Amino acid sequence: MNLRNFIRINRARFFLFSILAILSPLLTIAMTALVQIETNIILSRNLPNFLIISAISLTVCIMFYALFSLTQYLLLAQTQDLNNSVKEKIVDHYFHDDRDHPVSKIQNRLTNDLELINDNYYGSLLNLIFGVVQLIAIIIYLIMLSWVLLITICIIVAISLALPKLIEKPLQKANKLISTSNEIYLDTLNDWLRGLDQLRQFAAGAKLFSVTQNASKKLEDATVKQTTYTKLLNAINGIASALFGLIIFVLTGFLVKNDLVQMSTLLIVGNFRFYLNQAINEISQARGEMKGVKSLIEEVNEAAEKVQVSDKQKTNMPTVIKTESLRLNFPNGEKLNYPDIQINQGEKILLTGDSGSGKSTLFKLILGELAPSAGKIIFEDKDGNEINPDLKAIGYLPQDPVIFPASIKENITMFNNKLDNKIEKSVEEVNLSADLQKFEEGINKQLDLDKLNISGGQRQKIVLARAQVHENDIILIDEGTSAIDQNSTIDILDKLLKSKATIVFIAHNFTEEMHELFDREIHLIK
Ligand SMILES: Nc1ncnc2c1ncn2[C@@H]1O[C@H](COP(=O)(O)OP(=O)(O)OP(=O)(O)O)[C@@H](O)[C@H]1O
């Protein structure tokens, strides 16, 4: 998200943007110079020259507005292209880093953070170039007039550029606060709107309004705080530049009085006073705003960094999975201690235990999503050697089946059409055929996550079929049949447990008949 990437995204467009961004402020100075010439022509009462110079002034004025609008358009196009590329990199990063991220954090990165950077950094870039070019043009003009004026202006510029430092830190903090508050707001909306039906049913609207209003208020407060600092920066700059302009005006008057510069200088300096104020204002404000989002840019850059996929050769699937003195301490003080467990190749294990005894967490530890606080998980090959398996090759069915807004077929193959030939068998094995007959489009039915157009049991059957077609050697299933009726469950388990794969199945309330389908049971105690 840095300037180098901004240039690289489209060098030709950036070049054109830079030329126009330099040309536009020069045109404003040219317009002022033309006004001065026009004034002299009026004083000499020369109508033909007046008409010519007026036509030139009009052309320069139209050119300025046309070029400046084009410059703004080019800036926007360049920013949008950079945003698209950064968004792609951020999604790629979150996909490959194998870490658990709250959805709201990713949403915030991809929307609010990028918007803040666009407005404050790239939006200010044009103002910065515009201000610097305008300032340089005025300085050159003044050098030709008087060195006293030049030195005074250099001192003024140095002070003006140091001004944003006064509130640089609080502005950075305010920008960070907006980002965090937005993340919390999105989180709150996600958590509470998901259960909108239930809230309606239990007439709990008051709670919904209060939590969303609370989160929204924090976000609004953060925005107000940031705006306050930005406006404060504007006010400081405005007052300073007005003061500085006045000093220059008075100084020029003094120089004229002492015959050190010509009378006309007073008019020129008067005209340029406005531009000098404008240039200093724009430079200071742009620098302040750009610095304000510096730390946010660093965070976004980190999130967009390419994740190095380890080139360490991942070995085959383990024959044995063992845990040794495994312990996990959560940051909130909750502790889980596991007995030593061994899972052998091809075994069908039923994992049971009290609610909260750590069954789902054990899966997350095996999958490497959580790191143990003590003890370890050992993966061994058939010769008993410790190996480093590719944990992504372990099939995992979480408690809440994860379904995508695509067809049932694509949800089973996970968009790999090489697996199409295995679908029919898997659909049979998970008892999904009868359900598919109810849909006009059958297996090609598009799932609509908002309308929830399939039942909980059908969702579970789809993810079970997904595990079947992918033929993983090890499958971890977390309450994979809890929404499926008992007869179907027995039927599905009967077929599923005949496979060669190692299967660990978490379940509650299984009947004796269901227990008997497994080789053994591991029971965790809280
Ligand atoms: N991120 C977390 N932070 C703090 N505690 C957690 C976290 N995740 C899980 N726990 C705690 O760890 C314990 C084990 O949770 P886990 O989900 O593994 O239990 P479980 O045996 O699968 O329960 P259930 O049968 O009810 O699904 C619970 O007491 C839970 O509160």
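Predicted model: local features only at pLDDT ≥ 70, side-chain atom pairs only at ≥ 80, totals over all residues.
Q: How many helices and strands are in the chain?
A: The chain has 17 helices and nine strands, where helices (H or I, at least four residues) and strands (E, at least two) are DSSP runs numbered from the N terminus.

Q: And what share of the residues counts as buried?
A: Of the 526 residues of the chain, 30% count as buried; a residue is buried if 20 or more other C-beta atoms, placed from the backbone, lie within 10 Å of its own, exposed if 12 or fewer, and partly exposed in between.

Q: OK, helices now: at what angle do α3 and α4 cross?
A: The axes of α3 (residues 47-96) and α4 (residues 103-143) cross at roughly 150° and come within 10 Å, the axes being lines fitted to C-alpha atoms, for helices over the stretch in contact, with angles from 0 to 180 degrees between N-to-C directions. That makes α3 roughly antiparallel to α4, given that angles under 35 degrees count as roughly parallel, over 145 as roughly antiparallel, 65 to 115 as roughly perpendicular and the rest as oblique.

Q: Which residues meet there?
A: Among them are Leu75, Val86 and Ile90 in α3, and Leu110, Leu114 and Tyr122 in α4, a contact being a pair of C-beta atoms, placed from the backbone, within 7 Å. By class, the contact of α3 with α4 has nine nonpolar, five polar and two charged residues, with Ala, Val, Leu, Ile, Met, Phe, Trp, Tyr, Cys and Pro counted as nonpolar, Asp, Glu, Lys and Arg as charged, and the others, Gly among them, as polar.

Q: How does α4 pack with α6?
A: Helix α4 packs with α6 (residues 168-193) at an angle of about 140°, with their axes 9 Å apart, and the two are therefore oblique to each other. By class, the contact of α4 with α6 has four nonpolar, eight polar and four charged residues.

Q: Staying on α4, is Asn120 buried or exposed?
A: Asparagine 120, which lies in helix α4, is buried, because 23 other C-beta atoms lie within 10 Å.

Q: What does it touch?
A: Not counting residues up to four places away in sequence, asparagine 120 touches Glu289, Met290, Gly292 and Val293. Asparagine 120 and glutamate 289 are 169 residues apart in sequence, and C-alpha to C-alpha they are 5.2 Å apart in space.

Q: Where is Gln278, and is it buried or exposed?
A: Glutamine 278 is in helix α9 (residues 263-292), and is buried, with 20 other C-beta atoms within 10 Å. Its C-alpha atom is separated by 9.6 Å from that of alanine 242, 36 residues away along the chain.

Q: Switching to the ligand, which residues surround it?
A: The residues around the ligand include Phe330, Glu334, Gly358, Lys359 and Thr361, a residue being near a molecule if its C-beta atom, placed from the backbone, lies within 6 Å of it.

Q: Which helix gives the most to that shell?
A: Helix α11 (residues 359-366) gives the most, with three residues, and by class the shell around the ligand has two nonpolar, eight polar and two charged residues.

Note on methods: Residues numbered from 1 in each chain as written. Contact = placed C-beta atoms within 7 Å.
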